Amino acid sequence: MSSDGVLQDHLNGHSGVILAVFIIVSAFVIWPLHIPLPTAIQQPFLKTLRACRIVGSRDYNSLSSKRLCFPLSLETAPVIGVILLLATTTIHGSTIRLGVKGDENVKPYDVLVLFISLAYISIALDGTGALEAIAFWVSKRGGSSGIRLFTYLYAFFLGVGCIVGNDPLILSGTPFLAYLTHHTGIEPTAWVFSEFMAANTASAVLVSSNPTNILITGSFNLNYLTDFTKWTVLPSIIPALLNYPLLLAMFWKRIPQTLTPVEDNPWSRLRDPTGAVFFSVLMVVTVTVLVGTSFVPGHSVEVWMVTAPAGILAFAFDLGSDWWHHKRRKSIQQSGFSDDAAEMRPIDRTGSRTSRMSNRGRQSSVKQDKPPPTNGEVLRAADEPTSPPLSAKISNTDTRNEPVTLFSLLRSFSKRFPGTVLTTSRLPIPLLPFAICEFILVRGLAQRGWITVFAHGFANACKTPLQTVFFFGFVSAAFLCPLAGTNIGATIILVEILRDPAFSNSVAVKNDQRVMLAAIYATAMGSNLGAFSYTFAGSLAGLLWRGLLADKGVHISQFRFAAVNFLPLVVQTTVACAIIYGQLFWFS
């Protein structure tokens, strides 16, 4: 490969290096490692931060009393891998440019701007209490029937997931379920798994609900409505509906027949009605405009042109609300933190208590797995179980006698703009450098000849539409998503394989274009369904979900996660692929 980024037609030593780095990076994403810093390194590092006015004396003393660790995880491993490849000249500046700017089809910045903008709007909407209020309203409709409540909540999560996507739903729904199961005294496993599966199945319906959808539509110039949603709505909804009786069968003995009904007034949970209306309207308008502009010939209206202004408008609204209604916004933020269902506060599930429900005359007890080591967490809901949100932590430190530092400026900003800081602190920021580095690594694999090798193998395995749809569906959902650096990394790899001439110009594709369509839509469904596979790192949502549950005292082991997800993953992937196969003949 030359420095101008021309693809090489053979494998060499650099090819081996980049493949090894990619595998190691993916391993650290799945199994993160936290390396304790030696005192000889930690103290000079902290002194440097203090000398550079990044931290003050109070922060320095606080950090010095702790043993700091360097994480090799989703946040750092891809970046280190890219730096190592640059240092060894395995990749060049052209690879970095392609990984950030992209080409005429794949534009990574488009995907990331859309994702972070819609994530901000969704999380800000959640911060108003709107989703929580609706969830409590749905719960009250369930009354004292456990089965009815389970059904209503599953339908609620499925519907909301179609609109806002999996990550905002996980951020909002998981603390709510932890509170609900604690309040009613029911065992939480069935409820949290139903939420997780519904959220990740529903996220395949709209392009805006998952960054993998955005990547696929942009790579193949698909219309958001007629070329994507038309193809994915049935493979999403039908498997989700079939998954409901499967969940009932799996957890029948853990879902109580009767329980203590929720007595709270649902609308008392709506902390900011004005913000709820604004962000709801903004979300609907943004998604509508995105769908509308996808019909513009030549895709002259790029995605970032719609989503970036929407994200900036949402951010500006938060800033303006904090500025003009500071006392009200401060009280809203504090009331949210005092609410177990709204924020990421721990719930004590270890104390003895009498169950508040009956299940055919039996009492239920909460059974939990042994918690995984805290050093294994990739993304955490909070730094420590008893920690308040970022804005609260920053605000509670007195810095009146300290010189101005970066931390003190952040504290001042958080005091003046509490709502904005709270929303920003909940954004999945680590996904941005991770996704960019994944784009770069996959571009490097392509330039060093690996993607062509993979494309030849995939082309040999996919001779007919039937073979293609099931091959791509299960490879993406059951292999690449859990093992190749979340569903983002898996989708990037599969998109590059599909676009490689070794696959796109293969004999099977030339003879029957339905082979290519089968591969595209099977990848789309597999990248969503693969979120609930056998590793938490199958998606960012899985990492968020685990951290939020652990913070609430509900610990799901890796083995249990894989065991519960196995049958639903196989059934839903099989049904989704079968529906796509039928659509190939119906729509084509």
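This is a predicted model: local features need pLDDT of at least 70, side-chain atom pairs count only at pLDDT 80 or more; totals for chains, interfaces and linings use all residues.
Let's start with the rings. The structure holds 25 aromatic pairs. Take Tyr120 and Phe315: their ring centres are 5.9 Å apart and their planes stand at 70°, so this pair is edge-to-face. The two residues come from distant parts of the chain, with Tyr120 in helix α6 (residues 108–127) and Phe315 in helix α14 (residues 303–324), 195 residues apart. Their surroundings are worth a look too. Tyr120 has a relative accessible area of 5%, so it is buried. Phe315, at 33% relative accessibility, counts as partly exposed.

A second pair to look at is Phe193 with Trp545. Here the centres are 5.2 Å apart and the planes are at 70°, so this one is edge-to-face.

Look at Phe587, where the charged end of Lys230 sits over the ring, 4.7 Å from its centre. Over at Trp323, the charged end of Arg416 takes that place, 4.4 Å from the centre of the ring.

Now for the interior. In soluble globular proteins, nonpolar side chains tend to be buried together. In this model, the largest nonpolar core has 150 residues, and Leu153, Trp191, Phe472, Phe503 and Trp545 touch the most other members. Helix α6 gives the most to this core, with 12 residues. Zoom in on Leu153: beyond its neighbours within four places in sequence, it is in contact with Ala135, Val138, Ser139, Phe176, Leu177, Leu180 and Trp191.

Ser527 gives us a polar stop on the tour. You'll find Ser527 in helix α25 (residues 514–529). With a relative accessible area of 1%, Ser527 is buried. Setting aside its neighbours within four places in sequence, Ser527 is in contact with Thr212, Ile216, Ser476, Cys481, Asn487 and Thr491.

Back to α14, this time for its packing. Two packed helices are described by the angle between their axes and the distance between the axes. For α14 and helix α18 (residues 418–425), the angle is about 145° and the axes are 7 Å apart. Phe315 turns up again here: along with Asp318, Leu319 and Asp322 of α14, it meets Pro418, Gly419, Thr420, Thr423 and Thr424 of α18. By type, the residues of this contact divide into 3 nonpolar, 4 polar and 2 charged.

Finally, check the backbone in two loops. Most residues other than glycine have a negative phi, and most peptide bonds are trans. Arg53 has a positive phi, near 60°. Arg53 is in the loop between α2 (39–51) and α3 (57–64), and its relative accessible area of 43% makes it partly exposed. Asn221 is another non-glycine residue with a positive phi, about 50°. Asn221 lies in the loop between α11 (211–219) and α12 (224–250), and at 40% relative accessibility it counts as partly exposed.

Key
Residues are numbered from 1 along each chain as its sequence is written. Side-chain values use heavy atoms; hydrogens and water are left out. Rings of Phe, Tyr and Trp (its six-membered ring) pair if their centres lie within 6.5 Å; planes under 30 degrees apart count as stacked, over 60 as edge-to-face and the rest as tilted. Helices (H or I, at least four residues) and strands (E, at least two) are DSSP runs, numbered from the N terminus. Buried means under 20% relative accessible area, exposed over 50%, partly exposed in between (1.4 Å probe, protein chains only). A charge sits over a ring if NZ of Lys or CZ of Arg is within 6 Å of the ring centre and within 35 degrees of the ring normal. A nonpolar core is a set of buried Ala, Val, Leu, Ile, Met, Phe, Trp, Tyr and Cys residues joined through side-chain atoms within 4.5 Å. Contact means heavy atoms within 4.5 Å. Axes are lines fitted to C-alpha atoms, for helices over the stretch in contact, and angles run from 0 to 180 degrees between N-to-C directions.
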